[in-house]
Amino acid sequence: MNNHIPKIKKVDAREILDSRGNPTIEVKLTLDNGLQAKAGVPSGASTGKHEALELRDNDITRFSSKGVLKACRNVERIISSAIIGQEPNPKIIDKMMIELDGTKNKNKLGANAILGVSLAVARLAALIKNLPLYKYIREEYELDRVRDEYVLPTPMFNIINGGKHSDSGLDVQEFMVIPAGKTSFRKKVQLGAEMFSALRETLKSRGLSFAVGDEGGFAPKLKKTEKVFDLLVTITEFTKHRLGTETFFGLDVAASVFYKEEINKYLFEGKKRSGDEMLKIYYKWFKNYPLILIEDPFAEDDWTMWPKLTAKINALGSKLVVGDDIFTTNVERFKKGIQLKAANSILIKLNQIGTLTETIDCINLARKNDHQVVISHRSGETNDDFIADLAVAVNADFIKAGAPSRGERVAKYNRLMEIEQELFHIS
Amino acid sequence: MAKIKQIFASEILNSRGEPTIQTKIALDNGLSAKATVPVGTSKGRHEAIDLRDHNPLRYNGQGVLKACKNIQDIIAPALIGVDISEQTKIDEIMIGLDITPNKFNLGANAVLSVSFACCRVGAISSNLPLYKYIRKKYNTEDFVDYKLPIPIFNMINGGKHSDDRFEIQEFNVIPFNDLPFKEKFRTGVEIFHLLKNVIKARYGYFATVGDEGGFTPIITQNKEALDLLQESVNNSSYKLGEEILFGLDVAADGFYNTQERKYIIKGKKNTTNDMINLYKEWVNKYPLAIIEDGLAQDSWLQWKELKKILLGINPEFLIVGDNLFTTSITLLKRGILNNSANTISIKANQVGTLSETIKCINFARRAGYKIIISHRSGETNDDFIADLAVAVNADFIKAGAPNRGERVAKYNRLMEIEEELGFVSTKE
């Protein structure tokens with residue numbers, strides 16, 4: 001009996017374009033038995049200041065300095081020499097890369113370089129075991145102790161883009177439609193797509209722009225948050241999806257963007273507002289609309305306001321206060337948040353931390369402390385659908401992958417429908 | 001030889017959030033592959049049928065469950081057991097099952113997804129890259145060498161693909177230089193970002209994009225789009241008119257009134273002559289090298305006039321028929337007879353099988369036509385057309401602006417092929 005365990009034979013990294021037309025890395029690994037796997041790495045526009053480093057060339061003659069040839073070289077010259085000949089085990093290889101880099105936020109090799117390898121290694125390992133990626137991740141990281149059954153995440157569709165991602169004049173960055181009813185993932189996608197299509201027709205008929213932003217949502221000039229809520233209510237009625245039982249709303253405020261540190265005020269909808277004033281506004285929205293989730297309601301270092309809001313929202317029952325920029329998928333920051341009861345949910349972005357293993361550590365920490373888990377894409381995505389499998393592997397509560405439009409967004413939803421079909425034969 | 005063992009079709013979403021088909025084919029040797037199909041908005045009258053459910057309770061009637069069912073119930077039983085290396089036979093079986101000239105019974109979307117998936121798994125089974133496999137299957141070996149197509153970037157989206165404030169559907173930027181594909185691609189990417197800056201500076205807002213990834217600035221006159229492109233290129237290190245040329249996909253049917261036989265632009269009724277004069281003016285003013293669907297489909301003789309006049313100014317000018325031909329040999333023959341165009345836009349889903357698509361390409365080639373392989377406005381992340389373009393040494397590829405996953409997928413694949421062929425390295 002030949003018990004040869006395949007080893008990594010070749011490591012390639014190349015520059016491809018992401019969904020915003022910026023360069024990013026694609027890593028391709030080849031085993032000595034011929035098996036291959038690739039992974040593409042995303043990139044954020046609204047980046048928390050505690051995120052791991054995304055390495056760019058800063059060579060002004062190429063792609064306005066955004067090239068990633070340095071990161072590709074780091075993969076092919078530095079990382080490859082450490083991992084060639086190794087068995088493709090993400091736990092072991094991630095640890096090797098973390099040590100190889102040696103810095104806290106992956107300054108030396110770049111989190112983009114490291115993550116590309118990390119994800120491709122996991123894919124290869126799944127191929128060797130002949131398991132779908134989500135099953136492999138669950139087994140390898142012994143996640144089945146969390147819950148036995150597979151549960152598909154609830155999708156959060158960002159169908160209206162504001163903030164940094166668009167020109168809508170809206171301060172809130174994302175308005176999400178969340179089909180949180182008890183139905184199949186496939187039906188939830190249908191609901192999202194029907195809402196999206198109804199919204200497009202409504203915008204068209206009102207003479208508003210129906211072109212799309214980076215995450216696939218529309219960016220009409222509506223200026224005020226409440227106008228968007230009203231529009232979403234209208235659309236929901238139009239599509240006959242019941243509000244408050246099938247269809248709910250969510251917001252990603254991305255408040256760090258409009259927080260003015262010097263004066264400790266939030267410059268929101270034309271006025272300077274204190275944290276407490278913002279809290280009142282949010283609370284009112286929770287009361288008036290079928291809002292079930294708010295992400296980054298305060299600045300990333302505003303540790304006083306976060307716990308205040310979370311306490312109030314927890315009292316309303318089953319509503320989510322999600323930390324993204326405040327935690328940046330970083331275990332240290334998240335521990336502080338848990339201690340202070342800053343939020344009750346965490347947004348997970350692989351490239352904020354840089355390896356699959358560290359990401360899973362963070363998810364496990366969330367689970368142990370009764371935080372809900374939201375797996376998220378970035379605004380600059382590739383067609384890689386790794387996060388769909390990750391979400392299923394960890395029984396994530398939610399997945400955020402943009403509006404049901406643009407290839408790089410629907411790739412994730414399509415993969416989840418495929419997984420659901422595989423697991424539950426839903427067609 | 002490996003045989004088809006299982007065919008499985010399912011409904012997925014395309015880049016516009018509408019349903020489309022994904023077909024997976026498994027062989028008896030354990031290999032499998034998937035393919036998905038695109039859909040157009042601006043369709044020619046003679047296109048093959050894109051079969052939809054018309055069930056108002058699902059996806060506004062846009063579901064494709066019927067088409068999936070056709071694959072499972074009708075196509076699969078006929079193809080299971082067939083040798084995967086016989087791509088032409090596979091396509092012929094499906095054409096025979098459907099029997100209509102426009103794939104009315106089974107749906108061109110159903111048929112094409114099977115045709116593409118078979119070809120892809122056939123390539124895997126032969127251990128060949130898809131582009132090499134296609135070339136081998138269809139003996140397109142009048143070409144010994146491989147040549148990468150020139151990308152046509154649709155930078156500004158108008159007409160039906162965007163907010164409909166100006167009539168012309170696409171304003172294209174084409175890098176005409178001797179550099180490798182990946183450098184041509186970089187040129188497009190850099191101009192795309194410069195254009196974003198120009199739009200931001202002029203109109204004071206961030207730029208959103210249309211279905212094909214191009215910007216949709218708040219302009220009302222078609223000419224303003226050409227000015228925006230001109231300004232962007234002038235802000236770059238590339239020489240306008242030498243390294244960079246412009247193209248238009250007018251999609252004239254979108255604003256042609258068939259009763260009055262007039263082109264309606266901002267309410268004004270234009271005759272064919274008015275349109276030709278407008279193009280003439282633009283060709284003299286801008287580095288315009290390509291016009292696609294400049295006049296309405298079926299206006300064969302008017303197209304001839306347009307061609308004569310524009311080639312009189314620039315003998316290299318490309319008059320492209322898309323809605324005019326809809327990848328149909330019958331229509332192409334008519335175009336050749338009438339001397340209506342010199343370039344054809346090829347869209348596999350206009351005809352429905354790979355074999356018919358290649359037949360049309362070969363026919364066009366023999367008539368001295370240039371070949372543009374084109375995406376559709378409702379795309380998926382499937383990059384089949386990148387391989388197809390290389391297989392047939394297409395002159396151009398049209399896959400939208402360099403953004404949106406479903407668009408860059410094609411360009412990223414072409415860079416990969418170029419590297420695989422040993423033409424360039426992506427690491428230098």
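Me: What should I know about the model before I start?

Reply: It is predicted: local features need pLDDT of at least 70, side-chain atom pairs count only at pLDDT 80 or more, and totals for chains, interfaces and linings use all residues. Residues are numbered from 1 along each chain as its sequence is written, while chains are lettered from A and ligands numbered from 1 in the order in which they are written.

Me: How are two packed helices described, and at what angle do α4(A) and α12(A) pack?

Reply: Two packed helices are described by the angle between their axes and the distance between the axes. Axes are lines fitted to C-alpha atoms, for helices over the stretch in contact, and angles run from 0 to 180 degrees between N-to-C directions. Helices are DSSP runs (H or I, at least four residues) and strands likewise (E, at least two), numbered from the N terminus. Here α4 (residues 133-140) and α12 (residues 386-393) of chain A pack at about 50°, with axes 8 Å apart. That makes α4(A) oblique to α12(A); angles under 35 degrees are roughly parallel, over 145 roughly antiparallel, 65 to 115 roughly perpendicular and the rest oblique.

Me: Which residues of α4(A) meet α12(A)?

Reply: Contact means C-beta atoms, placed from the backbone, within 7 Å. A:Leu133, A:Tyr134, A:Ile137 and A:Arg138 meet A:Asp389, A:Leu390, A:Val392 and A:Ala393.

Me: Where do the domains of chain A lie?

Reply: Bounds come from an automatic or database domain assignment, which gives domain 1 (8-130) and domain 2 (143-424). Their C-alpha centres lie 27 Å apart. The contact takes 32 residues from domain 1 and 31 residues from domain 2, and α3(A) gives the largest share of the domain 1 side, 7 residues.

Technical notes
Contact = placed C-beta atoms within 7 Å.
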